Structure formats: structure tokens, C-alpha cells
Amino acid sequence: MNDEDYMRAALEQARAAGAADEVPVGAVVVCGGEIVGRGFNQPIGRHDPTAHAEIMALRDAAAHLGNYRLPGCELYVTLEPCAMCSGAIMHARIARVVFGARDPKTGVAGSVLDLFAEPRLNHHATIEGGLLADECGRMLSSFFAARRGRTLVA
């Protein structure tokens with residue numbers, strides 16, 4: 001499998017989020033070429049503000065590998081991580097983050113801030129953005145357009 005295949009697996013997770021009426025963001029954690037963690041946005045359904053896709057995938061990977069540290073692992077996520085998720089990524093020691101669409105409102109992998117480039121922090125993952133960005137962005141745009149349509153009708 002390659003980066004695009006892993007991002008497509010993250011997009012599958014994003015579709016699951018959308019089907020649950022959550023913001024369609026999905027993530028997978030890859031270690032040694034194998035997907036070891038999957039997650040999608042679930043803060044509404046779980047009544048948990050920390051249940052972002054990245055956090056759910058990190059939790060799944062940590063349980064699968066039996067360690068809260070995930071050195072050498074890669075995270076693929078359909079949307080640029082927020083500050084909370086970036087902190088968790090750093091604490092987990094993820095080696096590489098690949099994201100799809102940029103988040104101009106809360107993204108901290110270069111859009112609003114770049115926490116991963118902050119030299120005072122003790123862990124720095126390699127960041128690559130824009131993989132399948134159009135597809136990832138369309139899924140989010142369609143979700144919010146449909147939500148606005150429902151709001152106007154209701």
C-alpha cells in the first residue's frame with residue numbers, strides 16, 4: 001500500500017463519520033505498512049469533545065500495539081489537525097503526519113499556526129499536507145452544505 005491507499009482508508013472512516021451525522025473526518029495509523037488504528041469524528045455521539053478522528057485512531061493504535069507511544073508510526077487524516085490533536089500526536093511520538101484538506105480556521109500544521117515546527121517543543125513529526133485534498137475538502141463542503149440546507153428547511 002502507498003500514501004494514497006492509506007488516505008483512502010482514512011476517507012472510508014470519514015464517510016462513517018458523515019453517516020453518523022458527525023463532521024466527516026477520518027484517520028488511520030500505520031505501523032510497518034499495516035493499519036493498526038482507525039478512527040472517525042465522534043464528539044456528538046460520544047458526548048466527548050476529545051473524540052476527534054485523530055484521537056480515536058491514536059487510541060485504537062495504542063490499544064492494538066499495547067503502548068501509548070507510537071514511534072515510527074504514521075497518521076493519515078483527511079483534515080489538517082487542530083491544536084488538541086497535534087498535542088496528542090506529539091505525545092504519542094508519531095513520526096509522520098499526512099493530511100488531506102487544509103483547515104484555515106483551526107489547522108495547526110501550517111494554516112493558523114505550525115505547532116510541528118515550534119522548536120521549543122520536544123517532538124517534531126514530519127508533516128505532509130494536501131494528499132487527496134480536493135476529495136477530502138469536497139466531502140466536508142458537501143456535509144456542511146447539506147447541513148445548511150436542512151437548517152433552512154427546518
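Which residue in S4 is the bridge partner of Tyr-76? The answer is Val-98.

## About the model

This is a predicted model, where local features need pLDDT of at least 70 and side-chain atom pairs count only at pLDDT 80 or more, while totals for chains, interfaces and linings use all residues. Residues are numbered from 1 along each chain as its sequence is written, and side-chain values use heavy atoms, leaving out hydrogens and water.

## The sheet

Let's start with the strands (DSSP runs of E, at least two residues; helices are runs of H or I, at least four). Five of them form an open sheet with mixed pairing, in the order S2-S1-S3-S4-S5; two strands pair if DSSP finds at least two bridges between them. Strand S2 (34-40) and strand S5 (126-129) are the edges, each pairing on one side only.

Strand S3 (residues 74-79) and strand S4 (residues 96-101) are parallel partners, joined over five bridges.

## The pockets

A pocket here is an open set of points on a 1 Å grid over the protein atoms alone, where a 1.4 Å probe fits, with protein on both sides within 12 Å along at least five of seven lines; lining residues have an atom within 4 Å of a point. The largest pocket has a volume of about 300 Å³, taken as the space filled by probe spheres set on the points. Among its 17 lining residues, Val-23, Val-25, Asn-41, Leu-79 and Asp-103 are the closest to its centre. Helix H2 (43-46), H3 and helix H5 (133-153) each give two or more residues to this lining.

The second largest pocket has a volume of about 150 Å³. Its lining includes Leu-79 and Asp-103.
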